[in-house]
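Hello,

Here is the structure for your files. My notes on the helix packing follow below it.

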Amino acid sequence: MTAPRICLDLDSTLARTCDVAFELLCGPDHDYTYSDIESWEWGLREFGTAQYLNALWHAWTLRGDDIEPFPADPEAVTKELSMCGSQLDVVTEHPKHVRGIDEAKRNWLDANNIVYDEYRSLDCSKSELDYDIYIDDKPSLASELAFDDTSTVLLYDHRYNRDVQGPCTRINSLNKAVSCIYSMWGIHDS
């Protein structure tokens, strides 16, 4: 069996972007956390589309150094993920007209020693891509790929994606993603 091609999401799967966005929106004494996010669109409704997207843009372009990675040692876990597959790409979705965000995201990946093959920025759904494994937090991705029997979605568990429809395996860390890939693909940990 050929090693899988892996699509690794950035925002809210690898990077805690919302933590910095909440501080920009509400000040340093805010009490918002990821557990407050009720749905994928929650930030848009809670703060307004322009204000929320502006905060996310500012988080990446002005405060990228303050965005923490989800795993304590992102270099080690992404190195292990890359060894599980034939290709590990960091794939992120955002509107193409947002300037400076791709450079800021690449800088963050480099500053945190994230191991990956390609960085891909999309303004379409990741389900249109051809990967064997998708590691993501987006609720609709599992249902979009429900009829694709060649792909697996490892859904990074957040409150806002608990009612997901469609086949997926829930993970609570990227380390869990590594063990799932080893198990699913019959890869032996070396």
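How do H4 and H7 lie, roughly parallel or oblique to each other? Helix H4 (residues 74-84) and helix H7 (residues 174-185) pack at about 20°, with axes 10 Å apart. H4 and H7 are therefore roughly parallel. (Angles under 35 degrees count as roughly parallel, over 145 as roughly antiparallel, 65 to 115 as roughly perpendicular and the rest as oblique.) Axes are lines fitted to C-alpha atoms, for helices over the stretch in contact, and angles run from 0 to 180 degrees between N-to-C directions. Helices (H or I, at least four residues) and strands (E, at least two) are DSSP runs, numbered from the N terminus.

The ground rules first. This is a predicted model, where local features need pLDDT of at least 70, side-chain atom pairs count only at pLDDT 80 or more, and totals for chains, interfaces and linings use all residues. Residues are numbered from 1 along each chain as its sequence is written, and side-chain values use heavy atoms, leaving out hydrogens and water.

Confidence: the chain has a mean pLDDT (the predictor's confidence in each residue, from 0 to 100) of 90, and 97% of its residues reach 70 or more.

The contact (heavy atoms within 4.5 Å) is made by Val77, Glu80, Leu81 and Cys84 of H4 and Leu174, Asn175, Ala177, Val178, Ile181 and Tyr182 of H7. By class, that contact has eight nonpolar, one polar and one charged residues. (Ala, Val, Leu, Ile, Met, Phe, Trp, Tyr, Cys and Pro count as nonpolar, Asp, Glu, Lys and Arg as charged, and the others, Gly among them, as polar.)

Next, H1 and H3. Helix H1 (residues 17-26) packs on helix H3 (residues 49-63) at about 110°, with axes 8 Å apart. That makes H1 roughly perpendicular to H3. The contact residues divide into ten nonpolar, three polar and two charged.

H3 also meets H5. Their axes come within 8 Å and cross at roughly 55°. H3 and H5 are therefore oblique to each other. Trp57, Trp60 and Thr61 in H3 meet Ile101, Ala104, Lys105 and Trp108 in H5.

Last, charges. The structure holds nine salt bridges (a side-chain nitrogen of Lys or Arg within 4 Å of a carboxyl oxygen of Asp or Glu). One of them joins Asp11 and Lys105, at 3.1 Å, N to O. Asp11 lies in the loop between E1 and H1 and Lys105 in helix H5 (residues 101-111), so the pair ties together parts 94 residues apart in sequence.

Best wishes
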